[in-house]
Amino acid sequence: MKRIAFAALAASTVLFAGNALAQQPDRSQIQIKTTDLGNKTYMLEGAGGNITIAVGTDGLIMVDTQFADLSDRIKAAIKAISPLPVKYTILTHFHGDHTGGVANFQKDGVVGLAQDNIRLRLLGGTTNGTTGNKTAPVSGDAIPKETYFGGTKEIVVGGRKAVLTHYYNAHTDGDTGVYFPDANVIATGDIMNNNHRYQQVDFFNGGDIRGMIRATNDWLRIANDQTKVVVGHGPLASKAKVAEYNEMVKKAREIVEKLYREGKSEDEVVAMDPLKELNATWAADANQARNYVKQVYNSFKRS
């Protein structure tokens with residue numbers, strides 16, 4: 001497991017005033033949709049990353065929190081499932097559409113749980129390597145109270161077991177996939193989506209296409225045809241959808257890595273449009289197609 005260099009924390013002293021002044025999107029009309037996955041396990045959809053809820057005999061496990069301004073609606077949706085308290089909220093990675101509500105839950109006594117690089121990214125503030133957009137540092141209840149450093153970690157609440165796995169250098173450097181074996185449910189975070197679209201490789205924050213392949217290989221190993229897959233974005237997925245996505249990321253890696261190893265520059269590779277066959281079905285538009293080539297290319301600058 002590769003930890004973020006301590007020097008990166010110096011960025012926490014920088015103020016990102018532009019984010020504070022930016023107009024926030026209007027989510028006042030967003031409704032929370034609940035899908036029963038069986039065995040007292042549920043998927044919540046609203047705005048931002050999908051949420052997973054597992055109900056135990058004395059409490060609940062939650063995966064991801066979406067945005068802060070949706071917390072009251074999310075809490076109401078959870079109460080409609082069970083009156084029991086949420087004990088843990090697991091954060092799959094640091095992006096705000098997954099971590100934005102964690103402070104509102106931790107103030108209620110919920111324990112935020114994440115791979116430790118998420119804590120460091122949130123404390124230090126981050127920059128999007130593709131757009132240059134900056135996200136300000138956070139503190140207090142916006143930082144998960146409990147972290148783990150790598151490998152796997154198991155938590156149990158009221159008989160419900162969640163198996164957390166750190167997929168290092170995938171979508172980011174702090175990704176956690178969550179498996180609920182008794183419900184045959186996998187929560188992937190943003191390592192993959194089910195919108196048949198390219199998924200961002202956040203290379204500026206430790207992302208790497210090879211980690212996305214490792215993670216999806218692992219899910220294909222543990223899944224069967226009945227497995228329900230709660231992706232970061234999009235409708236509920238299946239093992240077949242994971243396999244389809246896995247084939248895409250492997251193909252993208254193969255094509256771009258070959259050009260990188262031949263010594264071609266990033267600009268040269270982007271100009272070649274090497275993923276044009278994949279773009280026909282996986283790219284939302286020409287801009288996403290170009291950005292994805294850049295993101296895959298930058299994966300190989302790590303080593």
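## Ground rules

Because the model is predicted, local features need pLDDT of at least 70 and side-chain atom pairs count only at pLDDT 80 or more, while totals for chains, interfaces and linings use all residues. Numbering runs from 1 along each chain as its sequence is written, and side-chain values use heavy atoms, with hydrogens and water left out.

## Salt bridges between strands

Side chains of opposite charge can pair when their charged atoms come close. There are 17 salt bridges here, each one a side-chain nitrogen of Lys or Arg within 4 Å of a carboxyl oxygen of Asp or Glu.

Take E45 and K33, whose closest N and O atoms are 3.9 Å apart. E45 sits in strand 2 (residues 41-45) and K33 in strand 1 (residues 33-38), so this pair ties together parts 12 residues apart in sequence. Helices (H or I, at least four residues) and strands (E, at least two) are DSSP runs, numbered from the N terminus. E45 counts as buried, at 19% relative accessibility; buried means under 20% relative accessible area, exposed over 50%, and partly exposed in between (1.4 Å probe, protein chains only).

Helix 7 (residues 239-261) holds E244 and K241, 3 residues apart and so separated by about one helical turn. Their closest N and O atoms are 3.9 Å apart in a salt bridge. E244 is partly exposed at 33%, and K241 is partly exposed at 37%.

K250 and E247 also pair up, at 3.2 Å from N to O. They too are 3 residues apart in helix 7, about one helical turn. K250 comes in at 31% relative accessibility, partly exposed, and E247 at 49%, also partly exposed.

## The cavity

The structure has 1 cavity of 30 Å³ or more. A cavity is a set of points, on a 1 Å grid over the protein atoms alone, where a 1.4 Å probe fits but cannot get out; lining residues have an atom within 4 Å of a point. Grid points are joined across faces, edges and corners, and the volume is the space filled by probe spheres set on them. The largest cavity comes to about 40 Å³.

Its lining includes N50, D64, T92 and T188. Strand 13 (185-189) and strand 14 (228-231) are the elements giving two or more residues to that lining, with strand 13 giving the most, 3 residues. By class, the lining has 4 nonpolar, 6 polar and 1 charged residues, where Ala, Val, Leu, Ile, Met, Phe, Trp, Tyr, Cys and Pro count as nonpolar, Asp, Glu, Lys and Arg as charged, and the others, Gly among them, as polar.

Definitions and conventions. On a 1 Å grid over the protein atoms alone, a cavity is a set of points where a 1.4 Å probe fits but cannot get out, and a pocket is an open set with protein on both sides within 12 Å along at least five of seven lines; lining residues have an atom within 4 Å of a point.
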